Amino acid sequence: MDLYEHQARQLFDAHGIVVPRAEVTDSPTEARAMARGLGGRVVVKAQVRTGGRGKAGGVRFAADPAAAELTARRILGMNIDGHQVRTVMLAQPVAVESEFYVSYVLDRTAGTFLAIASAEGGTDIEEVAAAHPEAVARVPVDPAEGVTSAKAREIADAAGLPPQTVDVLVRLWQVLVREDALLVEVNPLVRTEEGRIVALDGKVTLDDNARFRHARWRGPDAEPEDTLEAKAAAKGLTYVKLDGEVGVIGNGAGLVMSTLDVVAGCGARPANFLDIGGGASARVMADGLSVILSDPDVRAVLVNVFGGITACDAVAEGIVTALDTVRLTRPLVVRLDGNNAARGRAVLDARAHPLIEQATTMDGAARRAARLATTA
Amino acid sequence: MAIYLTEKSKILVQGMTGAEGMRHTRRMLAAGTDVVGGVNPRKAGRTVDVDGRALPVFGTVREGIDATGADVTVVFVPPAFAGAAVMEAADAGIGLAVVITEGVPIHDAVAFHAHARSRGTRVIGPNCPGLITPGRSNAGIIPADITKPGRIGLVSKSGTLTYQLMHELRDVGFSTCVGIGGDPVVGTTHIDCLTAFQDDPDTELIVLIGEIGGDAEERAAAHIRDHVTKPVVAYIAGFTAPEGRTMGHAGAIVSGSSGTARAKKEALEAAGVRVGQTPTETAGLVLAHLEGGMRTAIV
């Protein structure tokens, strides 16, 4: 789960990393009052979970409270890289002397975390990393030891950061570990003209799998933005909205991903990814089907199940159950194989719904669904 | 021979007394696996009847090893406790820990992998279906009845694609199928399995199944080019996955140009691996390669 900037800064603040004073609002009028409280002059920043806000015009200075209101009005509702701006953050401006970059990221290959740091921070860090890789230090961190002061000094020295950043590097590691984050990034980390080290902007990605030990993560900001995705998440389904016309349901992430590819290979576009998981019950199948059928873009649905632990008769029962609550208005192609496949096929044969047809292979089912969706 | 498992493998099940643990213990036993007991500190000393077999429950992995000579553990412990379970198994000196548990926090996985490595314990998973040597032993949740013993070695990131390929190639059969798991950090990698299959006299051809995310397949390609002389056929899932979205598996996410299915396919093909467009086509490539050998087998 990616956090908004204002959520990331709250975590930094809670762990003793200095951040500028700031407030968040979705109302231009309130922005004016907040700007007054922050001293008049503020930076207005769009809160969206994507990079490149500054270049898109989502970060602007406002000289006084009236300008803050006007600027908030302009930024709220903007679309940045497909993300609607619903809130803005107003922050006290900081007089910057120099900018740095620091982050901790997961190194999948080594199976540990990596500190990445550079004395050349700011919006162009990607270009710096590409053009001058030697300007970006990459230091592996032993998970058992963590980032001690000595380790932080090693990272700061490797990147050419000033000694005052050592404390921030230690605290940022604590954010990563104690908040169960997969990524923490401060860019830019700045030295102000008064010599203070301040985190001006940050990004944090939390590990959804660790939700059980962080009760306070629950809340509207943690939910997906797409309404169908929110509906599916509420039912415990793994669903991703795509922009095609064939609805795809299957069991297991790998098989569903593969089914999307096979549909695409047949000349149609998948409308979604929906994984009912392992050992799915009839209820789960019915929930999945109802999510997909609420998507008006879907013109045909493909159900591709290879039953390992999942029993195909339960899947078939789920499809039949769904017909009681959801009116099937678009064709459904079903391929069942593996555990209890014969029983599952018999259940669907017995129901004999005019819009449901069965296929014997994955490729055949995809071809048929693609054809139905593109000629319907 | 096969890799990582033999018919002599003695298996403990951590979390055996839970619903999932019990269900799969039953399936493992039915597949001929030598399950020697379970581990649950709160139920130590009891005996559980599984289809007429009395299985002891031990308080710790150490006690289980001392009493039975177990050398493999299969972990069904819930995510919050899976990390401690693997650490305990590694401390007890188990040779192989197969972690089925899905949803293990990354920080826990990073910690137990480092710990297991330092103790010389091989970990498969987490979030994996385990591994099977058909007809001999089954450590995990892979259905045993969809294929038979044979000469193909299979290594896969995805559970269901493992089943799909096992089903497609059921007439040829497998030496060992290993589901390494779809999480960003896993204990046993494609390269580990490629190395083991290359050294396994029972394996004639290797099937590699990958998916988007990370660069494990690209590294496997380089390894195949330099070290694998047996034929390898591959399949990669996720060509249509959009950038920046997690597709089911925690590790299945494309970031920028890295981790795409196309990059993985190209790297494998450049290393001389034949890559199928669909699971069925992939199985077809395997069959075409084995055709000569198949005829001999039938005669």
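**View 1. The loop between strand 7 and strand 8 of chain B.** In this predicted model, Pro126(B) sits in the loop that runs between strand 7 and strand 8 (130-133) of chain B. The peptide bond leading from Gly125(B) to Pro126(B) is cis, and its omega is near 10 degrees. Asn127(B) belongs to the loop between strand 7 and strand 8 of chain B as well. Asn127(B) is not a glycine, yet its phi is positive, at about 55 degrees. Asn127(B) has a relative accessibility of 15%, and because buried means under 20%, Asn127(B) counts as buried.

**View 2. The open sheet of chain B.** Seven strands make up an open sheet in chain B, in the order 3-4-2-1-5-6-7, with mixed pairing. Strand 3 (47-50) and strand 7 (122-124) of chain B are at the edges. Each of these two has a single partner strand, so one side of each has no neighbour in the sheet. On average, neighbouring strands of this sheet are turned by 30 degrees against each other, with direction ignored.

**View 3. Strand 2 beside strand 4 in chain B.** Strand 2 (residues 34-39) and strand 4 (residues 53-58) of chain B run parallel and are joined by two bridges. Gly38(B) has Val57(B), in strand 4 of chain B, as its bridge partner.

**View 4. Helix 3 of chain B against the sheet.** Helix 3 (residues 79-91) of chain B packs on the sheet. The strands of chain B that helix 3 touches are strand 1 (10-14), strand 5 (72-75), strand 6 (96-99) and strand 7. The direction of helix 3 makes about 150 degrees with that of strand 1 of chain B.

View 5. Asp180(A) is found in the loop between helix 6 (165-178) and strand 10 of chain A. Although Asp180(A) is not a glycine, its phi is positive, at about 55 degrees. With a relative accessibility of 3%, Asp180(A) counts as buried. Strand 10 (residues 181-192) of chain A contains Pro188(A). Asn187(A) and Pro188(A) are joined by a cis peptide bond, with an omega of about 5 degrees.

**View 6. The domains of chain A.** Chain A is divided into domain 1 (21-91), domain 2 (96-216) and domain 3 (227-375). Between the C-alpha centres of domain 2 and domain 3 of chain A, the distance is 43 Å.

Key:
Residues numbered from 1 in each chain as written. Chains lettered and ligands numbered in written order. Predicted model: local features only at pLDDT ≥ 70, side-chain atom pairs only at ≥ 80, totals over all residues. Heavy atoms only, no water. Domains from an automatic or database assignment. Pairing = 2+ DSSP bridges. Helix = DSSP H or I, 4+ residues; strand = E, 2+ residues; numbered from the N terminus. Axes fitted to C-alpha atoms, helices over the stretch in contact; angles between N-to-C directions. Contact = heavy atoms within 4.5 Å. Buried < 20%, exposed > 50% of the residue type's maximum accessible area, 1.4 Å probe, protein only.
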